[in-house]
Number of protein chains: 2
Amino acid sequence: MTRTSLTKFKCSVAQTLEIIGDKWTMLIIRDAFVGVTTFSGFQRNLGVARNVLADRLAHLVAHDILDRTPTRPGIERHTYSLTEKGRALFPVMIAMMQWGDTWIYGAGHEPVCVVDKDSGMPVRPVTVLSEKGHPLSPDTTAYAPGQGY
Amino acid sequence: MTRTSLTKFKCSVAQTLEIIGDKWTMLIIRDAFVGVTTFSGFQRNLGVARNVLADRLAHLVAHDILDRTPTRPGIERHTYSLTEKGRALFPVMIAMMQWGDTWIYGAGHEPVCVVDKDSGMPVRPVTVLSEKGHPLSPDTTAYAPGQGY
DNA sequence: TTGATTTGGTTTTTTAATGCAACTATTTTT
DNA sequence: AAAAATAGTTGCATTAAAAAACCAAATCAA
């Protein structure tokens, strides 16, 4: 009667959710993107129970999304930072943020704005594009068996 | 001691997770994108407990992500379908799927391929783009206060 | 350099959520 | 008309989350 695993699904969405499909897990990743690196930093920011935080951090490290390294060699204090695999969640996080901007806060009420460092301009809305670069919607896309089907 | 609410955070990621940040919720949405419309359809596909499914469907309807309409007028059988707000989660779902394709299954082993109906070609990887259309990464972006700060 | 505080957790207890099975009332099929 | 499927609800056992207390190592403050 343990919580059902999603690994049985032959589906990348399910596999992804098995790893990051938890409120705290994704918020930890968000904080990591913003620059939080310490246990107490995450704890202060999120207000999550410490046992839950410890569990989620270990989970993220086990799945190679966060790196855990001693702050200085041979010392019992650690720094958490995103791996390449973790940084690859950037479009997922930004897409979620933009959805909340639009559908929860509404245009003009976004709490945070993601900008291009170079120009200082806000980033574009994340969209699904065709090979030629045209925006696609659920209506103009279909699902075919992949190579690993 | 109810499960902590994320609504206190002034953050679109947290607000989004408060609504869809649950394994089953996001899988229901995925199924809805693929065309599942009935209670038993979701149940068969996901193998989720019926009480949990009932709870999550009600939650999604309450948040205007799914519509629940009688299959025929005056009848006790319902059809669930994505609202505009629900369909707006398309980039989030595709970004998750692509992350799993790359980092869990690996290139060449994707179980499902999303294609442009017109051309039959796979869609592009979802990326964060600058105003001028250049791909951006966590390193080349920054977070500024938004208009609703 | 001693004492206080912070860090990075672990342990324990309580409470809420999940999973499972059985049950019901319509609706559809045979 | 009977059987099967649909769309749930109810009740119970188990598990995971929340809260708080606890602890050792590291750092800061006097």
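A:V13, A:A14, A:L17 and A:E18 in α1(A) meet B:K23, B:M26, B:L27 and B:R30 in α2(B). Contact here means heavy atoms within 4.5 Å. Five of the residues in this contact are nonpolar, none polar and three charged. Nonpolar covers Ala, Val, Leu, Ile, Met, Phe, Trp, Tyr, Cys and Pro; charged covers Asp, Glu, Lys and Arg; the others, Gly among them, are polar.

This is a predicted model: local features need pLDDT of at least 70, side-chain atom pairs count only at pLDDT 80 or more, and totals for chains, interfaces and linings use all residues. Residues are numbered from 1 along each chain as its sequence is written, chains are lettered from A and ligands numbered from 1 in the order in which they are written, and side-chain values use heavy atoms, with hydrogens and water left out.

Now the geometry of that helix pair. Helices are DSSP runs (H or I, at least four residues), numbered from the N terminus.

Step back to the whole interface. Chain A gives 83 residues to the contact, and chain B gives 83 residues. Together the chains bury about 7,800 Å², 68% of it on carbon and sulfur atoms. Buried area is the accessible area (1.4 Å probe) that two parts lose on being put together, summed over both. A:K23, A:W99 and A:Y143 supply 11% of the area that chain A buries against chain B, more than any other three residues.

What about salt bridges? Across this interface the rule finds zero. It asks for a side-chain nitrogen of Lys or Arg within 4 Å of a carboxyl oxygen of Asp or Glu. A:D22 pairs with A:R56, the closest N and O atoms being 3.1 Å apart. A:D22 sits in the loop between α1 and α2 of chain A, while A:R56 lies in helix α4 (residues 50-62), 34 residues apart.

How values were computed:
Helix = DSSP H or I, 4+ residues; strand = E, 2+ residues; numbered from the N terminus.
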